[in-house]
Amino acid sequence: MANYYSDHPEIGFYLNHPLMARIVELREKGFADAKEYDYAPVDLGDAIENYKQILDITGDVAANIIAPNSESVDLEGPHLENGRMIYASKTFENLDATRKAGLWGVSMPRRYGGLNLPNAVFSMLSEIISAADAGFQNIWSLQSCIDTLYEFGSEEQRQKYIPRVCAGETMSMDLTEPDAGSDLQRVMLKATYDEKEDCWRLNGVKRFITNGDSDIHLVLARSEEGTKDGRGLSMFIYDKNQGGVNVRHIEHKLGIHGSPTCELTYKNAKAELCGSTRLGLIKYVMALMNGARLGIAAQSVGLSQEAYNEGLAYAKERQQFGEKIINFPAVYDMLGRMKAKLDAGRSLLYQTACYVDVYKCLEDIERDRKLTPEEKQEMKKYQRLADAFTPLAKGMNSEYANQNAYDAISIHGGSGFIMEYKSQRLYRDARIFSIYEGTTQLQVVAAIRYISNGTMLNNIKDMLTSICFDTDSSVCCRNATTNLTSLKGRIERLIPIYEEALNHAKSLGNQDAFDFLARRLYDMTCELVMSILILRDAIKAPELFAKSANVYIRMAEEDILGKSAYIKNFQEEDLDNFKANSCCTCED
């Protein structure tokens, strides 16, 4: 029987990530829960076995319930009845299956009914569910909103809401408005304090809200009258049981049809303040968005895997000119690149997730006791790494998902354009990944300061220095013509080329010119990081990753050399040509 976890050993490989032992140590806080909960692990090995069991259960549910339901969900979609959103009928089956499997509130501490899973394992679950149905993954993964409530809410709020999510109640984050998309400082949904009822009241409209008719909402609203920027915004908790919010419209989208995208009207809706006033955007939404962006990276990897699976299966079966098309160079080149992007992107995802885990675990420990100077230094180190790597993981994996879905259709030829084939749905679903939770262009904006100030260059150099070969330096890629030491040499030769391009862009002394080149610098940075990561993985598991390392590093080399040439030949006056081409110069 199919299993979306055990069928892909590449996922389980990352349970052996170099940081995993430290993450488990911090997450389990000395394995104290084992004294109170019989399902809590007693040591590192026990914890890893627990993770494997949960992943195996998820892989079974994904392969044998969620995936078979995906076509029906895509065709039916949600609908509106009397101001309420009603899921597609098979979505209810998916929800029931994941609830019975205990896959809700999984990141929460056991004292609230959770499984205390680290972010890296949650990302694995997200990847698996997305491979089955990216639309349902949206609904399921929004349970991670509870992390923000856990982090910033009161203990009373934790006890009130977290067990409900652990039992399977759904969540949403209500941020966007008709006039406030990426620019959330313009949010105007009004929050006023009701002294008589000792609560807050919310009034206004939210738009493009994923899973907008959920049970529990985190809502960004303007609590400070007369303000117009982010300093006047606060975060609120809205409980659907209280009433006061209706669904005015469900968007008809290109893809992810099972994931309802709603326009909501708040009419004097009762709500609770989460945390402190004025910190809604400045602090709480930033934490919420970083978690969501990592979730989209996992969603993207899952869909990339499924797109590759579809393309590979079709290429093995389809014959043209008396031969299987998988034997055609144009096709196996495409498949090789798809797999390389998938594997390199997955490695970046779990590297980032592990960085997040270390600093988040230390933050949680700090709520109970004072950290040692060494722990504080460790927390700051991994928070900086998480902040730098999250926009790389979200941006590149969402772009790779789009590219792999596109290539899956190309491999299918005309059949890929036919609605009966899964590849067309994957293509439609993937398109939103590089748009929501911050477009790729916004990921570039988030990442570029770490690129321009040399932080990522130093990270790249440190990462490459840490690459070592456990055995003889002549270790060769299995079934490959280029050995791994040679691949490391290729990366080493690319770093000064990247550094020279970066320095040239900075030397122009023109912010517009640097911003214009930023996307190319971002791509080069990501490709170097992923080249190092996939090489590291290939050294440890050549049977899984050697082929992808060989393909990806050559592909990155091709791209970095081209982008470097473009940047080093770019001059400030070149901007005028692009500005002219982007403007209408025709007269009526």
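The model is predicted, so local features need pLDDT of at least 70 and side-chain atom pairs count only at pLDDT 80 or more, while totals for chains, interfaces and linings use all residues. Residues are numbered from 1 along each chain as its sequence is written, and side-chain values use heavy atoms, with hydrogens and water left out.

**Exercise 1. Two helices meeting α13**

Task: Determine how α13 packs against α11 and against α16.

Solution. 
Step 1. Two packed helices are described by the angle between their axes and the distance between the axes. Axes are lines fitted to C-alpha atoms, for helices over the stretch in contact, and angles run from 0 to 180 degrees between N-to-C directions. Helices (H or I, at least four residues) and strands (E, at least two) are DSSP runs, numbered from the N terminus.

Step 2. Helix α11 (residues 373-412) packs on helix α13 (residues 440-452) at about 150 degrees, and the axes are 9 Å apart. The pair is therefore roughly antiparallel (angles under 35 degrees count as roughly parallel, over 145 as roughly antiparallel, 65 to 115 as roughly perpendicular and the rest as oblique).

Step 3. The contact (heavy atoms within 4.5 Å) brings residues of α11, including R384, D387 and L392, to T440, Q443, A446, A447 and Y450 of α13. By class, there are 6 nonpolar, 4 polar and 4 charged residues in this contact of α11 with α13. Here Ala, Val, Leu, Ile, Met, Phe, Trp, Tyr, Cys and Pro count as nonpolar, Asp, Glu, Lys and Arg as charged, and the others, Gly among them, as polar.

Step 4. Between α13 and helix α16 (residues 511-540) the angle is about 85 degrees, with the axes 9 Å apart. Hence α13 is roughly perpendicular to α16. Among the residues that meet are V444, I448 and I451 in α13 and F514, L521 and Y522 in α16. This contact of α13 with α16 holds 8 nonpolar, 5 polar and 1 charged residues.

**Exercise 2. The nonpolar cores**

Task: State which residues touch the most other members of the largest nonpolar core.

Solution. 
Step 1. A nonpolar core is a set of buried Ala, Val, Leu, Ile, Met, Phe, Trp, Tyr and Cys residues joined through side-chain atoms within 4.5 Å. Buried means under 20% relative accessible area, exposed over 50%, partly exposed in between (1.4 Å probe, protein chains only).

Step 2. The largest core has 159 residues, and L202, Y266, F389 and Y552 touch the most other members. Helix α10 (residues 329-366) supplies the largest share, 18 residues.

Step 3. A second, separate core has 31 residues, including Y112, F152, A180 and C274.
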